[in-house]
Amino acid sequence: MEASNCPIDVQFSDRISILLSSPPLPQVEEYFEELVTQRECNGLKVKLDGEHGKGVYSEVDFREDDLILKDRVLVGAQHSSNKVNCMVCSFCFQFIGSIELQIGRKLCLEELGIAADGGCGSSGGMECSSSSEKIRLSHDIIQSLMEGHLQLPYSENFPLPPVVSCIGGCKETYYCSKSCAQADWDSFHSLLCVGVGSSSPNREALLEFMKHADETNDIFIPAAKVITSTILRYRKLKAARVEQQPGKHVVSDPHNSCIFPLLLEAWKPVSMGFKRRWWDCIALPDDVDSCDEANFRMQIKDLAFESLQLLKEAIYDRECAQLFSLDIYGHIIGMFELNNLDLVVASPVEDYFLYINDLPPSQKKEAEKTTKRFLEALGEDYSVSCEGTAFFPLQSCMNHSCIPNAKAFKREEDRDGQATILALRPISKDEEITISYIDEDLPYEERQLLLADYGFTCKCPRCVEEAP
């Protein structure tokens with residue numbers, strides 16, 4: 001079946017249009033006021049009537065380098081290829097286990113011939129060492145490191161949370177705590193788990209979906225999380241409705257008028273994000289000629305449809321049928337394309353080896369009798385950060401400027417997947433807080449070209465001054 005013939009889009013066109021329309025203004029205001037309160041960001045306010053629609057404004061004076069916002073992920077995922085290099089909590093994305101486990105696991109996977117696609121050059125800006133530049137350690141040494149029988153000197157100064165297994169028993173996700181494991185299970189993973197305890201009605205199809213995402217574009221993983229989280233929220237709302245009205249049967253027919261308001265409420269957190277269809281907003285690659293643009297965009301649409309069909313086969317819920325519309329799926333992916341902030345958490349392995357390097361000479365010499373061989377086995381890509389993509393509800397409301405007054409930046413104490421926004425300069429009360437979506441050091445023409453992919457022409461003071 002071709003992407004243009006998605007039956008759900010035809011069957012539920014009216015309701016899909018409602019799902020994709022902007023929520024009423026009072027509902028949006030209430031949502032963001034609650035979110036600001038939950039995040040304890042009392043110095044911020046989301047305004048909806050700015051020049052660019054939503055915007056984030058200061059309600060206090062900020063000094064340079066002040067923390068403006070820590071925003072929790074609404075939906076995010078570690079890049080598939082990055083999982084080889086980093087073992088992190090699948091819910092909060094902080095590193096887990098131990099320094100020894102992080103190093104041993106990476107070496108073990110390399111020994112098995114499992115390597116990150118694209119090499120390590122894409123991680124942390126480092127170039128890969130060729131295999132000839134690395135030393136090889138025996139399997140027994142690597143296993144001893146992973147199992148905790150071999151402790152590296154001073155590693156106790158870099159404690160990490162213990163590894164907690166997935167509730168459903170899969171070997172794909174691990175956590176820093178039981179609370180994170182439960183939160184992920186309740187929010188997303190119970191429908192995306194491939195373990196024996198999964199709630200997915202078709203684990204084989206789910207494995208096919210995951211394989212397709214790994215081989216084509218892992219942006220499909222967070223898109224699937226959006227759908228699963230909405231389904232799970234809908235089920236909670238339905239259960240609460242039944243509990244409040246005992247004896248009243250909630251009809252499971254997706255056409256029933258009683259069901260759609262519950263689905264609309266479950267969809268509300270997603271409805272707040274700015275969205276366009278993925279195949280309409282994705283930037284045209286440099287190697288695609290403009291005369292081939294229409295064909296390229298149709299290929300992207302077909303790719304999304306392939307992914308959606310696999311996901312539908314794996315987790316389809318008849319009561320939430322509208323969520324499996326190609327139009328909905330395309331807009332979800334487009335939301336990530338236009339609003340996502342890179343998910344980056346620095347590796348404690350880097351801090352560990354820097355600590356060893358900075359020891360007094362006698363202690364360093366003694367420690368390196370053990371650590372040097374592991375560093376040489378890892379090569380130059382010894383300290384790859386956790387990397388992924390994520391949607392942050394408050395950060396996504398921040399508008400762009402080529403002379404931003406704030407930036408996304410991790411401090412030493414920020415070791416999880418939250419977005420951390422710091423002031424670049426003093427910010428006055430009632431001033432809009434802006435960040436840069438691109439490299440603001442680029443020339444005017446290049447900046448405007450990149451920003452066109454976001455659907456606007458930048459008219460910040462710098463662009464107005466530099467415009468020809």
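1. Burial terms. Buried means under 20% relative accessible area, exposed means over 50%, and partly exposed lies in between (1.4 Å probe, protein chains only). At 3% relative accessibility, D414 therefore counts as buried.

2. Basis. This is a predicted model: local features need pLDDT of at least 70, side-chain atom pairs count only at pLDDT 80 or more, and totals for chains, interfaces and linings use all residues. Residues are numbered from 1 along each chain as its sequence is written, and side-chain values use heavy atoms, with hydrogens and water left out.

3. Overall fold. The protein has 16 helices and twelve strands. These are DSSP runs, numbered from the N terminus (helices: H or I, at least four residues; strands: E, at least two). The radius of gyration is 24 Å, close to the 23 Å that the globule rule gives for 468 residues, so the protein is as compact as a globular protein of that length. The radius is taken over C-alpha atoms, and the rule is 2.2 Å times the number of residues to the power 0.38. The C-alpha trace spans about 75 × 60 × 50 Å along its principal axes. Of the 468 residues, 49% count as buried.

4. Salt bridges. The whole structure holds 20 of them. The criterion is a side-chain nitrogen of Lys or Arg within 4 Å of a carboxyl oxygen of Asp or Glu. R411 and D414 meet at 2.8 Å, N to O. Both belong to a network that also links K70 and E413.

5. A buried pair. The side chains of K106 and D381 form a salt bridge at 3.5 Å, N to O. K106 lies in helix α4 and D381 in the loop between α14 (361–378) and β8 (386–391), so the pair ties together parts that are 275 residues apart in sequence. Both residues are buried.

6. K45 and E33 meet in a salt bridge at 3.9 Å, N to O. K45 sits in strand β1 (residues 44–50) and E33 in helix α3 (residues 25–38), twelve residues apart. K45 is partly exposed at 30% relative accessibility, and E33 is partly exposed at 46%.

7. A loop residue. N85 lies in the loop between β4 (75–78) and α4 (99–111). N85 counts as buried, at 10% relative accessibility. N85 and E29 are 56 residues apart in sequence and 41 Å apart in space, C-alpha to C-alpha.
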